[in-house]
Amino acid sequence: MISIENVSFGYSGEKGTLRDITLRIKDGECVLLCGESGCGKTTVTKLINGLIPHFTDGCSLAGKVSAEGLPVDETELYELAKRVGSVFQNPKSQFFNLDSDSELAFGLENQGADPAFIRTRLKETIQNLQLTSLQGRNIFSMSGGEKQLLAFASVYTMNPAVFVLDEPTANLDEDAVTRLGEQIRLLKRQGHTVIIAEHRLWFLSGLIDRAVFLKDGKIARSFTGAQFFSLPERERIGMGLRALTPSSGSLPSALPCGTAEGLSVEGLTCGFGREEPVFRSLSFSAVTGEVLAVCGKNGVGKTTLTRCLCGLTRERAGAVRLSGKLFNRKQRTRAAFCVMQDVNHQLFSDSVMGECLLADPDCTNARAEDVLNLFGLLLFRDKHPMALSGGQKQRLAVATAVLSGKELLIFDEPTSGLDYAHMMEVSSIIRKLAKEGRIVLIVTHDRELIHCACDRVLEL
Amino acid sequence: MNKPSCLHIDPRTGLLLLVMSNILAFIQPSFPLELGWIIFLCLLTALCGCGKAAVKWLLVFGLILCLQFYILPASPKLIATGCSIFANYTRRMLSCAIVGMLMVKRTPLRELIVGLRTWHFPQKLIVAVSVTLRYFPAIREETGYIRDAMKLRNIHGLQKVEALVVPLMISATSTAEELSAAAVTRGIENPAPKTSVVELRLNAADWTCIVTGVLFTAASYLTS
């Protein structure tokens, strides 16, 4: 049983992150926390796993929280860890070991459990979660989906009564999301309590007992699982929530190669070293004014294709043409731009304006201001890029590409972890770019985005 | 992580061999002893499944010897003095490099940690070592992304250094924050004595290595 009573909370210097939250979660219940970005759902998960107040400096907390009979604020985190397990959003930063086996045992080893017991528990985990493919692997050879699965499994070995999942699907493809759904089902069957904060909702249909909708730090509405998943479309959009059902309907597939205006990829083969090629004789066109989605499971070569189109890796065979003209690797580096999934990697200057000038040293102030205005960034011209929000950083990266006159823009998973409003924002920017005559490709798992922003699909 | 057919040495044996290699580097044993030690280490490397690396190390050793005995005496004085110091030091440190590489390639991090723990190294030092080793591959991955981004942004020359360091530091801060949140929720602060699934035992091969190492060290000490 988890009880949160009249809790108000603010991070240091702020107030009202949570306002008067009261929530009781029964043993074995599966509860979804949903709402727009910044509504406070992650903060609620931190109340339960003890990161608040133990791991948050200078915050203001009023009210009482208890989990499994333990008062959270008076219990040491390592005691709490035995009963409340947490899986976080970013699969990259949840590991301490370099191999999967060590990681699975980590939690129990910390508790000082008997090695023989740990071994049996590891066997059970691998069997129950069907993880044979993850045994004995190097962490750095694993995909984001596999890492998230491992993070989940390493909490599962500790066998806590409560699982707290904070946006676990933010970086996962559709298969991995489905798999996570199955694992939550298993947890329910075994009587665990599950609290999940999420933007992606469709995979939770039939799994959750209750949905709690937060707005501006307050519990605005509460639903049973069935009520929630039968919310009418308009109401759902009004609440700023992502789709409740997996997007269906299909878009026409990519045009064959040979377009005269736009990108034409002809018989492209790419691979690393002496290994088998990642993909072979790939041909397609992406015309100006249209947006092409590039889909496919993890590992089919989406990243390699992106890097090759941007001239970051050499092709083994085939040709890439822009407006009918052959572009070699170096020329492509100048003509193409990729908006990376982690946009922090591609902002280098100390101000937004500086970022524009770095993109094009000859650019006049007026031109830079025009472009910044177009992307709603003019107000922030003197701010440090790292002080911007995620969406603003993404738009700034796009602005630099526009300023340096790039024709081909590739977005790599632009909507991972975004709520409905932010997804629509990204979608409208992508549309705008296509309308202005740029060639736009989106590499994504996000079916909902594909349906609102793309015209054609290339399945790898 | 290990090929089943290969020899596997205990991390503690590795550490001892490393210490002994260091001592030998300072003692400067006679040539036959030095040659014997290098050959022994290369043999061990080969048995542990790094045959190619062993051959490479032997070639490097041969090359340095050639340089010292045949090429440098015949070259102009300026080059000879400069290079002989370099060659001499490389030759002395070679055995340490061989053991070091073997450990990096063949010892899983957690075995090293368990090894250090059984020797009662302070937990603080162990955590520092493991976090450092854990972070190197992460930096390599990040650097790759940032390099790509720089190529697409047309960043050249000195700008590159700044452009690399700033994003790396920013990502390091957020990684550190997230990593420690994940660590505390998995009970890393638990004061209970830590256990491990891996049980380390020194087997015949380990003892052979240690005894051989001690013999070489003793012989070098007595003959020097």
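Visitor: Let's start with helix 4 and helix 6 of chain A: at roughly what angle do their axes cross?
Guide: Keep in mind that this is a predicted model. Two packed helices are described by the angle between their axes and the distance between the axes. Here, helix 4 (residues 100-111) of chain A and helix 6 (residues 144-156) of chain A have axes that come within 7 Å. The crossing angle of these axes is roughly 35°.

Visitor: What is the handedness of that crossing, and which residues of helix 6 of chain A make the contact?
Guide: Helix 4 of chain A passes helix 6 of chain A in a right-handed crossing. From helix 4 of chain A, the contact uses Ser100(A), Glu103(A) and Leu104(A). By class, this contact has three nonpolar, two polar and one charged residues. On the helix 6 side of chain A, the residues are Leu150(A), Ala153(A) and Ser154(A).

Visitor: Over in chain B, are helix 2 and helix 8 roughly parallel or antiparallel?
Guide: The axes of helix 2 (residues 31-47) of chain B and helix 8 (residues 204-223) of chain B come within 11 Å and cross at roughly 165°. An angle over 145 degrees counts as roughly antiparallel. So helix 2 of chain B is, relative to helix 8 of chain B, roughly antiparallel.

Visitor: How is helix 1 of chain B set against helix 5 of chain B?
Guide: The axes of helix 1 (residues 11-27) of chain B and helix 5 (residues 109-118) of chain B come within 8 Å and cross at roughly 75°. Angles of 65 to 115 degrees count as roughly perpendicular. That is why helix 1 of chain B is, relative to helix 5 of chain B, roughly perpendicular.

Visitor: Which residues of helix 1 of chain B touch helix 5 of chain B?
Guide: On the helix 5 side of chain B, we find Glu111(B), Leu112(B), Gly115(B), Leu116(B) and Thr118(B). The contact as a whole divides into four nonpolar, two polar and two charged residues. From helix 1 of chain B come Pro11(B), Arg12(B) and Leu15(B).

Visitor: Which strand gives the most to the lining of the second largest cavity?
Guide: This cavity has about 60 Å³ of space. Its lining includes Val7(A), Pro53(A) and Leu61(A), and by class it has five nonpolar, one polar and two charged residues. With four residues, the top contributor is strand 4 (residues 60-67) of chain A.

Visitor: Pro53(A) came up there; is the peptide bond from Ile52(A) to Pro53(A) cis or trans?
Guide: Pro53(A) sits in helix 2 (residues 51-54) of chain A. Most peptide bonds are trans. The bond from Ile52(A) to Pro53(A) has omega near 5°, and it is cis.

Visitor: What is the phi of Ser281(A)?
Guide: Ser281(A) belongs to strand 12 (residues 279-287) of chain A. Most residues other than glycine have a negative phi. Ser281(A) is not a glycine, yet its phi is positive, at about 35°.

How values were computed: Residues are numbered from 1 along each chain as its sequence is written. Chains are lettered from A and ligands numbered from 1 in the order in which they are written. This is a predicted model: local features need pLDDT of at least 70, side-chain atom pairs count only at pLDDT 80 or more; totals for chains, interfaces and linings use all residues. Side-chain values use heavy atoms; hydrogens and water are left out. Axes are lines fitted to C-alpha atoms, for helices over the stretch in contact, and angles run from 0 to 180 degrees between N-to-C directions. Helices (H or I, at least four residues) and strands (E, at least two) are DSSP runs, numbered from the N terminus. Angles under 35 degrees count as roughly parallel, over 145 as roughly antiparallel, 65 to 115 as roughly perpendicular and the rest as oblique. Contact means heavy atoms within 4.5 Å. Ala, Val, Leu, Ile, Met, Phe, Trp, Tyr, Cys and Pro count as nonpolar, Asp, Glu, Lys and Arg as charged, and the others, Gly among them, as polar. On a 1 Å grid over the protein atoms alone, a cavity is a set of points where a 1.4 Å probe fits but cannot get out, and a pocket is an open set with protein on both sides within 12 Å along at least five of seven lines; lining residues have an atom within 4 Å of a point. Grid points are joined across faces, edges and corners, and a volume is the space filled by probe spheres set on the points. A crossing is left-handed if the near helix is turned anticlockwise from the far one by less than a right angle, and right-handed if clockwise.
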